[in-house]
Amino acid sequence: MVAKGHEARAERLQGATGALATAAIAAMDQKLPWFGELSAQDRSWIGLVAQSGITAFVDWFRDPETHSSMPTRMFGSAPREFTRVISLHQTVDLVRTTIEMIENTIGDLLPEDDVPVVREAMQRYAREVAFAAATVYAQAAEMRGAWDARLEALVVDSVIRGEADESVRSRASALGWTGSGTTGSSEVAVVVGRAPSAESGSTNVADSVRHAAREAGADALCAMQGDRLVVVLGGTSKPVEIVQKLAEWFGPGPIVVGPVVKDLMSAVTSARAAVAGLRAAPAWPGAPRPVQADELLPERSLSGDGHARRQLASDVYGPLTMGDGVLLDTVTAYLDSGGSIEATARAMFIHANTVRYRLKRVGEITGYSPTNPRDAFTLRVALTLGRLLNPEPGSYVL
């Protein structure tokens, strides 16, 4: 007898679904200001979901055990873009508005004895719908996150390969990249280091790097490429300071910061130097972490980096050949004498103070002081490469 009464109640509720769906859309239009601002297509999607939800409620009300999955399935009538049209918060507002409308309307559509039973069932069903909505949005967020990660990896790969063009800029913008950070600068630097352990999870690492960079005032694009982690920093002229705050997210070993370039389209220059620096970094065990790619010029040149060789020859050796070449002769004699100023003075028949003055000038012109052991090594490599490559005289202007 109870089963027959429940079935009859379900049939009466079934007959009221059309009126309930129409009333639900009217209530949304009246109580939710943002609903009226949606396009006709978007409103149609939401109406379809509302109607599907009410129909699903009737089926669930008729037999909760058989139709236990109805709350989740009701969202299947909307396209995937539904989660981009309205937020989870707005979806909750829709559900709340629909429930209130049913509670206020059900008394006019059903017999008085049906109303308490239907209202109690609706409260239970609304809870299931809320969980279903949260599940749908969580799944959409996961899919969007996976897509964003693939797009980000594609952008970073294009930068590394030197294929950055307007499409890459557009894709980076879609990921939230402004390239200016909080400083307003468009300067970019590429950072390369070893990837963290597999337990860290690439997505979590990328999110952490982006968050830390944002906290430091810079934009960041991040991607794992095999055993290395590549980060493109934007909006900073002092990338080393930023990377010091990101170092914990890299794996053990060197972290190399490429030179600063003017924008994302020029980032391949920075990327090339950073990658070459990472390859050559083991040759300098005492290198700081992070280390600038230009600090690794001698190691890079010895490892076969033609750009580093030309840079040393033109920027270090070239200036020393200008004029009468006295600075080149002095630094050569100083290096050959094992770094002894007195021995250099005797070999050149000049006063020791003259040697000191000339060595100081070498440091001012090249940026490398012969009296510093690390700089002396760089100068020695630069002189060797300069003589091998034989840059044209006069190519450097003081």
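Residue numbers run from 1 along each chain as its sequence is written, and side-chain values use heavy atoms, with hydrogens and water left out. Because the model is predicted, local features need pLDDT of at least 70 and side-chain atom pairs count only at pLDDT 80 or more, while totals for chains, interfaces and linings use all residues.

**The protein as a whole**

The protein has 17 helices and five strands; helices (H or I, at least four residues) and strands (E, at least two) are DSSP runs numbered from the N terminus. Of its 398 residues, 46% count as buried. Here buried means under 20% relative accessible area, exposed over 50%, and partly exposed in between (1.4 Å probe, protein chains only). The protein exposes about 20,100 Å², and carbon and sulfur atoms supply 52% of this area; accessible areas come from the Shrake-Rupley method with a 1.4 Å probe, and for residues only the protein chains shown count as cover. Among contacts (heavy atoms within 4.5 Å) with a separation of 6 or more, 69% are between residues 24 or more positions apart.

**Salt bridges**

Side chains of opposite charge can pair when their charged atoms come close. A search of the whole structure finds 14 salt bridges, each defined as a side-chain nitrogen of Lys or Arg within 4 Å of a carboxyl oxygen of Asp or Glu. Three of them are listed here.

| Arginine 300 | Aspartate 294 | 3.8 Å |

How exposed are the partners? Arginine 300 is buried at a relative accessible area of 2%, whereas aspartate 294 is partly exposed at 31%.

Arginine 374 in H17 (residues 373–389) and glutamate 299 in helix H12 (residues 297–302) link distant parts of the chain, 75 residues apart. Arginine 380 also lies in H17 and aspartate 336 in helix H14 (residues 326–336), so this pair ties together parts that are 44 residues apart in sequence. Elsewhere, Glu7, Glu11 and Arg62 are linked in a network of salt bridges.

H14 is mostly covered, as eight of its eleven residues are buried. Among them are Leu327, Leu328, Val331 and Leu335. The cover over the buried residues of H14 includes helix H13 (306–320), H15, helix H16 (352–366) and H17.

Two packed helices are described by the angle between their axes and the distance between the axes. H14 and helix H15 (residues 341–348) pack at about 125°, and their axes are 8 Å apart. Axes are lines fitted to C-alpha atoms, for helices over the stretch in contact, with angles from 0 to 180 degrees between N-to-C directions. The two helices are therefore oblique to each other, since angles under 35 degrees count as roughly parallel, over 145 as roughly antiparallel, 65 to 115 as roughly perpendicular and the rest as oblique. Just after H14, glycine 338 takes a positive phi of about 80°.
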